[in-house]
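Please read the following report alongside the coordinates. It treats a pocket and then a sheet.

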Amino acid sequence: MPTLNPATEPIDTAPHTLPSNHRLVVVTNREPYELVQENNHYRLNMTTGGLVTALEPVLNTDSSTTAVQGLWISWEGATPLQPEQRTALEEHKGELPYTVATVPLTKKEITYYYNGFANDLLWPLFHYFVSQCNFTESRNWPNYVSANQKFADAVMANAQPGDWTWVHDYQLLLVPQLIREASPQHRIGFFNHIPFPSYELFRTLPYRRELLRGMLGSDLIGFHTRDYANHFLKCVAKLLPNEATVDMATSQVRTDGRVITVGAFPISLDVATLQQQASQPAMQAQAEALRANYERLGVSFLGIGVDRLDYTKGIIERLEALEAFFIKYPEFKRRVQFVQIAAPSRAKVGTYQTLRDDVEQTVGRINGRLAEGTWTPIQFFCRNFTKDELLPYFMAADFAMVTPIRDGMNLVAKEYCAIQQENRGALILSELAGAADELPEAFVVNPYSQHRMEEAIYNVLTLPSDEKQSRMAACREQVESRDIHYWVNSYLAAFQQAVVARQAV
Ligand code: GDG
């Protein structure tokens, strides 16, 4: 079987995704809907994230375009549900376009499995932040195991013969193996949404072998980039030499009498929907009004940063690079306005509370140092914007800085490009984001180098517009040609090949 890398190689991606009468079972930590309280009533909204949008047409039991039925298994909610909320969820579940099954987690599991092992150890370690890792094992590991067991149990409790089970992300690394033990012939896919670190880093993890064995319960293991896939294969070769054989050329592992296929599947966006939203007259008017407001204040260039408030996103380093830029090129003071939007996340994890304080202090310090008249260089929003509020910023900005210290993919980079239908904006992109593999025409920078970031800002403000336009056109075309439907189809096509390969052994 050839090495799978749909970023560069054509693969069969016919939109019909699974054999008829078969069912896709998606397993994620977070739920694909939100329970909204309005006065004394509850309502269930589908969330609008990329994964939900991508999988909805495959899972939609009402859709005429597919014979595949869908089931989505997830944690029931970010906090343990109150009894009336659980009742409301049961009442409204039937309104979703696919079946959902929920996994209730205890308060202890949320603290030690989710906030602890997943977000305070795996997340920083997989993003190369070893100094941020909390290696406390006594409660975190047992709860990670018990929570993963609950997800696997939910898969088994709902299992049907035609199921293709697709498990997602670092919170659920043990689930594939737990399902395999319960049901050896089960079709199991896994996708990791964050980087997979190199062996030298991964080896620092206690329970590293257990985690690899957990993932190897799958038939197909997907990553965003070829590098992450290779890191995984090398970790298996080094850490499980007596129980697994790794073939780097075919990107396969043999263990336990099975073949496991490993591949790169770069995630993307529902580009058509996003472009359609951006082309609405109301949205265009909002973007124009936003620009006009800044222009009235004398601003000629608007820059944006949009991130979850996370230390991996390099927000402080970006702001410091802007500070250095204004000091080096004072002629741009008053003419460049940078807007940083940061959506708070994981507020229960200590490092995230400290980060918020640090970012606020950095913004205050830079503005205090550089502000002139009515101009402050950094406008900072620390709240969740609605998509309708966010889009006008993407549309109005002359440049976007997407400069994570490390990022599995980064969808903001792709969103910014997808929206530039006239190829107007410029993207400054970290080479340590997975997206950089696909967007080499962006202004690619090393986020650790303040000098490179300063120079990139200077370039996007001064280069001739035809050069910037041709670079943006290349980025946009790449994003348009490999959208979220391409991602789902290529993964499911490879999933079917991987199951055939396993059964051929
Ligand atoms: C993980 C991996 C990988 C941001 N602020 C607001 C808001 N956003 C939206 C963005 C974008 C999404 O959130 C963030 O996606 P990213 O990909 O940038 O980052 P993670 O959340 O860390 O996602 C990442 C991804 O999984 C998929 O595999 O790309 O590498 O870390 O869509 O626009 N949306 C709204 N308000 C905000 O304030 N509505």
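## Lining of the second largest pocket

In this predicted model, helix 10 contributes the most to the lining of the second largest pocket, giving 4 residues; helices (H or I, at least four residues) and strands (E, at least two) are DSSP runs, numbered from the N terminus. A pocket is, on a 1 Å grid over the protein atoms alone, an open set of points where a 1.4 Å probe fits, with protein on both sides within 12 Å along at least five of seven lines, and lining residues have an atom within 4 Å of a point.

The space in the second largest pocket is about 330 Å³, a volume being the space filled by probe spheres set on the points, which are joined across faces, edges and corners. Its lining has 13 residues, and Gln284, Met395, Ile419, Glu422 and Arg424 are the closest to the centre. Two or more lining residues come from each of helix 10 (281–296) and helix 13 (387–396).

Six strands, in the order 14-13-12-15-16-17, form an open sheet with parallel pairing, where two strands pair if DSSP finds at least two bridges between them. Strand 14 (378–381) and strand 17 (443–445) are the edge strands, each with a single partner, so one side of each has no neighbour in the sheet.

Strand 12 (residues 301–308) pairs with strand 15 (residues 399–402) in the parallel sense over 2 bridges, and Gly303 has Phe399 of strand 15 as its bridge partner.

## Basis of the values

Residues are numbered from 1 along each chain as its sequence is written, and side-chain values use heavy atoms, leaving out hydrogens and water. Local features need pLDDT of at least 70 and side-chain atom pairs count only at pLDDT 80 or more, whereas totals for chains, interfaces and linings use all residues.
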